[in-house]
Amino acid sequence: MTAPAGFLDFFVLEASEYIDQLDALMLNAGGSGPDLESLQRAARALRGSATMAKLPAFAEMASGIERVAHGLRGGVTQWEPALAGALVATIDDCKLLLRNVRVWSPSDDARSRARVDELARYAPARTATPAGSQPAMADGGFLMTEVANIGAGAELLATRPSDRDAAASVLRRVRAMRGIASVKDHPSLAEVLEATEHAAHP
């Protein structure tokens, strides 16, 4: 897992803040669970930062926490002690793995994957719903994942609009998405991508 030095240094500082927020939310969680909106927001911010720094293991762990918060808010996932334990373990491993980010090893990949898989038992990653044609089904999963990454990156960019590297990363993803033929089958998505590119370009 590699990333440019500047992105990596910034990620370590920024991720520490987001992980501390997640940790505090779990420490203050009562019997009914933590503040779900704050949990989802902090996890989304961590995912956006990891996506911009090209650190997929962190992005996937943050995405797992985000999906759990989303599922709890929607009533799809139920709060229980085992889920609380899985969240705490994931956040603890985020702290540990953040210290290893400059000397990443296969064992770190295995640790992060174990946490992602554990959270997926409570809130599985969404898969594309068939829309009537095989090409749409094949592209759907990629489109959903990439749109989520662009959204996280754009939200992160809104907090630091002068960050040219982050803006360039968002623009690269948006332009790549706009070049996919199946995007034209989703007019609203095409419009949002175009608006995002215009907003990020300056």
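## Aromatic pairs and cores in a predicted model

Student: Why is W104 called buried?
Tutor: This is a predicted model. W104 has a relative accessible area of 14%. Buried means under 20%, so W104 is buried.

Student: Which ring does W104 pair with, and what makes the pair tilted?
Tutor: W104 pairs with F58. The centres are 6.0 Å apart, and a pair needs centres within 6.5 Å. The planes stand at 50°. Stacked needs under 30 degrees and edge-to-face over 60, so this pair counts as tilted.

Student: Where do F58 and W104 sit in the chain?
Tutor: F58 is in helix α3, and W104 is in the loop between α4 (81-99) and α5 (106-120). They are 46 residues apart, so the pair links distant parts of the chain.

Student: How many aromatic pairs are there by this rule?
Tutor: The count comes to two.

Student: Why is the pair of F11 and F58 edge-to-face?
Tutor: Their ring centres lie 5.3 Å apart, with the planes at 70°.

Student: What does the pair of F11 and F58 tie together?
Tutor: F11 lies in helix α1 (residues 5-27) and F58 in helix α3 (residues 56-74). The pair therefore ties together parts that are 47 residues apart in sequence.

Student: How do you know whether F11 and F58 are buried or exposed?
Tutor: F11 has a relative accessible area of 0%. F58 also has 0%. Buried means under 20%, so F11 and F58 are buried.

Student: Which residues do the ring pairs link into a cluster?
Tutor: F11, F58 and W104.

Student: Which residues have the most contacts inside the largest nonpolar core?
Tutor: They are F11, L22, L46, F58, I65 and L87. This core has 39 residues. The elements giving two or more residues to it are α1, α2 (36-52), α3, α4 and α5.

Student: What is L22 in contact with, leaving aside neighbours within four places in sequence?
Tutor: L39, A42, A43, L46, I65 and I91.

Student: Which residues does the second core include?
Tutor: M52, V170, V174 and M177 are among its seven residues. This core is separate.

Student: Why is K54 called partly exposed?
Tutor: K54 has a relative accessible area of 46%. Buried is under 20% and exposed is over 50%, so K54 falls in between.

Student: Where is K54 found, and what is its phi?
Tutor: K54 is in the loop between α2 and α3. Its phi is positive, about 60°, although K54 is not a glycine.

Conventions. Residues are numbered from 1 along each chain as its sequence is written. This is a predicted model: local features need pLDDT of at least 70, side-chain atom pairs count only at pLDDT 80 or more; totals for chains, interfaces and linings use all residues. Side-chain values use heavy atoms; hydrogens and water are left out. Helices (H or I, at least four residues) and strands (E, at least two) are DSSP runs, numbered from the N terminus. Buried means under 20% relative accessible area, exposed over 50%, partly exposed in between (1.4 Å probe, protein chains only). A nonpolar core is a set of buried Ala, Val, Leu, Ile, Met, Phe, Trp, Tyr and Cys residues joined through side-chain atoms within 4.5 Å. Contact means heavy atoms within 4.5 Å.
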